[in-house]
Amino acid sequence: MATKKPAGRKKETAKATAGRKSAGKASRKAAPSLPAMAKALDKAAMDAQAIPQFSGTVDLTLAQAYEVQRQLIGLRLRRGERRVGVKMGFTSRAKIAQMGISDLIWGRLTSGMVIEEGAPADFARFVHPRVEPEIAFLLKRPLYGLVTPMQAMDAVEAVAPALEIIDSRYADFKFSLADVVADNASSSGFIAGAWSKPDVDFSNLGLVLNFNGRPVQIGSTASIMGHPARSLVAAARFAAEAGEPLQAGWIVMAGGATAAEAMSAGQHVEMEMEKLGRVAFTMR
Ligand code: OOG
Ligand code: MG
């Protein structure tokens, strides 16, 4: 394929590469701008239509990828969504092994991603959704910078068993580190179960993820960085570095304790966690 002249740069968008899974070494297309990437990801999410990953076409640094993410969320906030927290990614071996990425990442949660416990989610809204068992923290005061796990827990109002629906906007759910960061860490929806006071020892709670009453994943909260509080510590650091410190009332999703499971329409998803109880929703 012919290499484009820089003059064609503005016109090139991620769409122009549609159909290509990953560009070969020979073809380097002119890179779309960061705002164009944010728009393409936003549209992909709204249309529930996958786009090709950027890597292979664009050399995106991690800092640029986080800037795309910031702008992507900016588009949602401008449509009236509210910021409600932070999600952490790749905090367990199981997730690292499943996706082949071992760097901790984070993403921004907005009100449009909230799914009420027990409520149905619409399969048509997603590209190729997966679900993973997590634990959620609800903060009672702001938390930022370098904190110890104890200081982090002091800011926690409550903890809950939670499910995250991830739905990569990239074809085949394949991406590089920069790709997935730009795509807000694949976030699509999350469901928190009943909140408990954080005086429960949640460091090693057994959990089972069930599809239509059948177990599909089993694990423990201990697989989240050895102790989920460490994920909150990391979230506090990332958020402060981004100039968006964790706020009172925000939710922090600690990251998947097991590999994520692909979902289809008509599934009832339930996760049962020792001591903290269950959380469920139906994909219709
Ligand atoms: C990226 C998001 C990772 C987690 O809990 O580790 C994540 C992905 O797997 O698509 O949410
Ligand atoms: Mg997750």
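User: Is Phe90 buried or exposed?

Analyst: Phe90 is buried, because 22 other C-beta atoms lie within 10 Å. Here buried means 20 or more other C-beta atoms within 10 Å of the residue's own, exposed means 12 or fewer, and partly exposed lies in between, with C-beta atoms placed from the backbone. This is a predicted model, in which local features need pLDDT of at least 70, side-chain atom pairs count only at pLDDT 80 or more, and totals for chains, interfaces and linings use all residues. Residues are numbered from 1 along each chain as its sequence is written, while chains are lettered from A and ligands numbered from 1 in the order in which they are written.

User: Where is Phe90 found?

Analyst: Phe90 sits in the loop between strand S1 (83-89) and H3. Helices (H or I, at least four residues) and strands (E, at least two) are DSSP runs, numbered from the N terminus. Phe90 also has a positive phi of about 60°, although it is not a glycine.

User: What about Lys275, buried or partly exposed?

Analyst: Lys275 counts as partly exposed, because it has 13 C-beta neighbours inside 10 Å. Lys275 lies in the loop between strand S11 (267-273) and S12, and its phi is positive, at about 65°, although it is not a glycine.

User: On to the sheet: in which order do the five strands stand?

Analyst: The order is S3-S12-S11-S7-S8, in an open sheet with mixed pairing. Strand S3 (120-121) and S8 are the edges; each has a single partner strand, so one side of each is left without a neighbour in the sheet. Two strands pair if DSSP finds at least two bridges between them.

User: How many bridges join S3 to S12?

Analyst: Two bridges join them, and S3 and S12 (residues 277-283) run parallel. Ala121 has Met283 in S12 as its bridge partner.

User: And which way do S7 and S8 run, parallel or antiparallel?

Analyst: Strands S7 (residues 206-211) and S8 (residues 214-220) run antiparallel and are joined by six bridges. Asn210 is bridged to Pro215 in S8. Two residues separate the strands in this hairpin, where Asn212 takes a positive phi near 50°.

User: Changing topic, how many residues surround ligand 1?

Analyst: There are 15, and the closest are Gly89, Lys95, Ser186, Gly255 and Gly256. Helix H3 (93-99) and strand S5 (156-166) are the elements that give two or more residues to this shell. A residue is near a molecule or strand if its C-beta atom, placed from the backbone, lies within 6 Å of it.
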